[in-house]
Amino acid sequence: MWIGWIEFDILLGDVRSLKQKRSVVRPIVAELARRFGVSAAETGSLDLHRRAGVGIAVVAADSAHVVNVLDSAERLVAARPEVELLSARRGLIRSDD
């Protein structure tokens with residue numbers, strides 16, 4: 001079994017409150033979970049208005065599938081016009097490691 005994760009550091013556009021932040025971040029998290037069948041959540045910069053950390057995790061039998069899902073998720077976030085992807089950190093581990 002292969003376990004992969006990726007955490008995005010994103011800069012939000014014209015956001016002036018945590019409520020506005022949630023209205024931008026929540027649809028991104030929901031789309032990641034729906035489109036790729038992954039676990040997704042806001043994971044960082046919870047108290048900042050214009051920054052957000054979004055993380056996803058995926059489990060599969062094949063490492064190539066995990067890498068493909070992580071790559072696709074990164075492309076999706078980078079293509080969102082309302083946010084700027086500042087960085088993406090990822091990891092891949094085998095369950096028997």
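Strand S3 is mostly covered, with seven of its ten residues buried. The model is a predicted one, and what follows describes that prediction.

The sheet gives the setting for S3. Four strands form an open sheet in the order S2-S3-S1-S4, and the pairing is antiparallel. The edges are taken by S2 (39-44) and S4 (83-94); each has a single partner strand, so one side of each is left without a neighbour in the sheet. On average, neighbouring strands of this sheet are turned by 20 degrees against each other, direction ignored.

Next come the partners of S3. Strand S1 (residues 2-12) is joined to S3 (residues 51-60) by ten bridges, and the two run antiparallel. Along this pairing, Ile6 has Ile56 of S3 as its bridge partner, and Asp9 has Gly53 of S3. S2 and S3 also run antiparallel, joined by five bridges; here Ala41 is paired with Gly55 of S3. The hairpin of S2 and S3 has six residues between the strands, and in this hairpin Ser45 takes a positive phi near 55 degrees.

Two helices accompany the sheet. Helix H1 (residues 18-36) lies across S1, S2, S3 and S4, and runs at about 150 degrees to S2. Helix H2 (residues 63-79) also packs on the sheet, where it touches S1, S3 and S4; the direction of H2 makes about 170 degrees with that of S4.

Which residues of the largest nonpolar core touch the most other members? This core has 23 residues, and those that touch the most other members are Phe8, Ile10, Leu12, Leu32, Val54, Ile56 and Val77. Two or more residues come from each of S1, H1, S3 and H2. H2 gives the most to this core, with six residues. Phe8 shows how separate parts of the chain come together. Leaving aside neighbours within four places in sequence, the contacts of Phe8 include Leu32, Val54, Ala73, Val77 and Leu85. Ala52, Gly53, Glu74, Ser87 and Ala88 are also among the contacts of Phe8.

Another salt bridge is formed by the side chains of Arg35 and Glu31, with an N to O distance of 3.0 Å. Both residues belong to helix H1, where Arg35 and Glu31 are four residues apart, about one turn of the helix. How do they stand in terms of exposure? Glu31 has 17% relative accessibility and so counts as buried, the limit being under 20%. Arg35, in turn, has a relative accessible area of 48% and is partly exposed.

Asp71 and Arg90 form a further salt bridge, at 2.9 Å from N to O. This pair links distant parts of the chain, since Asp71 is in helix H2 and Arg90 in strand S4, 19 residues apart. Asp71 counts as partly exposed at 28% relative accessibility, and Arg90 is partly exposed with a relative accessible area of 34%. Finally, salt bridges that share partners join Glu31, Arg35, Arg80 and Glu82 into one network.

Methods
Residues numbered from 1 in each chain as written. Predicted model: local features only at pLDDT ≥ 70, side-chain atom pairs only at ≥ 80, totals over all residues. Heavy atoms only, no water. Pairing = 2+ DSSP bridges. Axes fitted to C-alpha atoms, helices over the stretch in contact; angles between N-to-C directions. Contact = heavy atoms within 4.5 Å. Buried < 20%, exposed > 50% of the residue type's maximum accessible area, 1.4 Å probe, protein only. Core = buried A, V, L, I, M, F, W, Y, C linked by side-chain atoms within 4.5 Å. Salt bridge = Lys/Arg side-chain N within 4 Å of Asp/Glu carboxyl O.
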